[in-house]
Amino acid sequence: MKAAVMGYGTIGSGVVEVLEINKDSIAKRVGDEIEVKYVLDLREFEGDPIQKKIVHDYQVIANDPEIRLVVETMGGVEPAFTFVKAMLEAGKHVATSNKALVAEKGSELIAIAKAHNVNFMFEASVGGGIPIIRSINRCLVADVVEEITGILNGTTNYMMTKMTVEGSEFADVLKDAQDKGYAEKDPTADIEGYDACRKIAILTSLVCGQQVDYQDIPTEGISKITAVDIKYAKAMGRAIKLLATSKKVGDSYSVMVAPCLLAPEHPLYSVNDVYNAVFVHGNVLGDAMFYGSGAGKLPTASAVVVDMVESAKHLDKHIPVEWHPEKLQLVDSGLSENRFFVRTTAEEAAIKNIFGDVEFVKAEGVSGEIGFVTSVMTEADYKVKAAELSDVIQMIRVK
């Protein structure tokens, strides 16, 4: 069975590697060997055996009737969307790891795939090697998913873990993450929460069956977290994690990405380093956790190859995915409730006067400011009170 890979970067080369490493076991499961015939890339790879398969025009793949399976690992929305659309319209199954493409064009590409009796599959777009999308689409269909909360970005989780263990400042752990290859040269998508935002948009779209636009999701990253915040977290016996959360409220969902202070009993408290985890609560299942490598060449490539195998076993069948283009209006984030940890230079009397009953927190080696935790209140109420307090240094939600 002939396949093509579009994009020979980290994940694309990983897909080729996985297909070779597990060639025999994959052939046994599919009933035929999967052979990569073409690799689409702008570059040449002189001296690499892959060079003889390199093509520079996606139409070569689209027009070859031998190609039944196509992998897209280019990243970004364009030209990936144009290329993937062409492959689906040519009757080829597509598997991708591209969360930007899936978040923005997922429902449209699923509809095109259905019209041409092929599959557009994207397990690797969320959680790397964690099988969360397949679980939502197949294993949790008897449930109404009432909550999804995840650590969905390995880079930021590594950075928060290192800050916690070493007490380092943000800039230092970012440089370390870049040196180790965990963070890109331009780390904005990771550290500002945009990557996690796209992933929770995809998961919410799948559980509600409608389009959730990531631009509508309130998103905060970790770039403003400091070593002083870590000292307060330790004083409270908590850990700071970047969480992507989606909770069912009536006929819609309340969705947010933000750093949160987690207690040891929280299921995501112990998820450290580059690992990802997704907590799911179903109305009949109750609680479930999915944990594993959320990034990396081979774990992500493994998830892509699983989608290839699935399509290879259903060559003449479209596997339905409930994700319609009608946009879901998300619940106003101002209505969601939390406790809030606040650092301020205000006096205790002013804090009590504005916020009422609060819990003051003292951190070792920190002076010239006050830390406190509010009672449960809405995001909107917090904003009003914080504006009245006026000299807030930091705010982190408490779970």
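Author: Contact means heavy atoms within 4.5 Å. This is a predicted model, in which local features need pLDDT of at least 70 and side-chain atom pairs count only at pLDDT 80 or more, while totals for chains, interfaces and linings use all residues. Residues are numbered from 1 along each chain as its sequence is written, and side-chain values use heavy atoms, with hydrogens and water left out.

Reader: Which residues does Ser 168 touch, not counting residues up to four places away in sequence?

Author: Ser 168 touches Lys 162, Met 163, Val 173 and Ala 227. Its place is in the loop between α7 and α8 (170–179); helices (H or I, at least four residues) and strands (E, at least two) are DSSP runs, numbered from the N terminus.

Reader: Does Ser 168 count as buried or exposed?

Author: Buried means under 20% relative accessible area, exposed over 50%, and partly exposed in between (1.4 Å probe, protein chains only). Ser 168 has 15% relative accessibility and therefore counts as buried. Thr 156, in helix α7 (residues 154–166), also counts as buried, at 1%. Leaving aside neighbours within four places in sequence, Thr 156 is in contact with Asp 190, Ile 191, Ile 222 and Leu 242.

Reader: How are two packed helices described?

Author: They are described by the angle between their axes and the distance between the axes. Axes are lines fitted to C-alpha atoms, for helices over the stretch in contact, and angles run from 0 to 180 degrees between N-to-C directions. Here helix α4 (residues 80–89) and helix α5 (residues 99–115) pack at about 15°, with axes 10 Å apart. The two are therefore roughly parallel, a term for angles under 35 degrees. On the α4 side the contact is made by Ala 80, Phe 81, Val 84, Lys 85, Leu 88 and Glu 89, and on the α5 side by Leu 101, Lys 105, Glu 108, Leu 109, Ile 112 and Ala 113.

Reader: Which residues of helix α14 (residues 379–389) are buried?

Author: The buried residues of α14 are Glu 379, Tyr 382, Ala 386 and Leu 389. They cover an arc of only 80° around the axis, and so lie on the same side of α14; the arc is that of the directions from the helix axis to the C-beta atoms. On the other side of α14, Val 384, Ala 387 and Glu 388 are exposed. Among the elements that cover the buried residues of α14 are β10 (252–262), β14 (337–344) and α13 (348–355). Just after α14, Ser 390 takes a positive phi of about 70°.

Methods. Angles under 35 degrees count as roughly parallel, over 145 as roughly antiparallel, 65 to 115 as roughly perpendicular and the rest as oblique.
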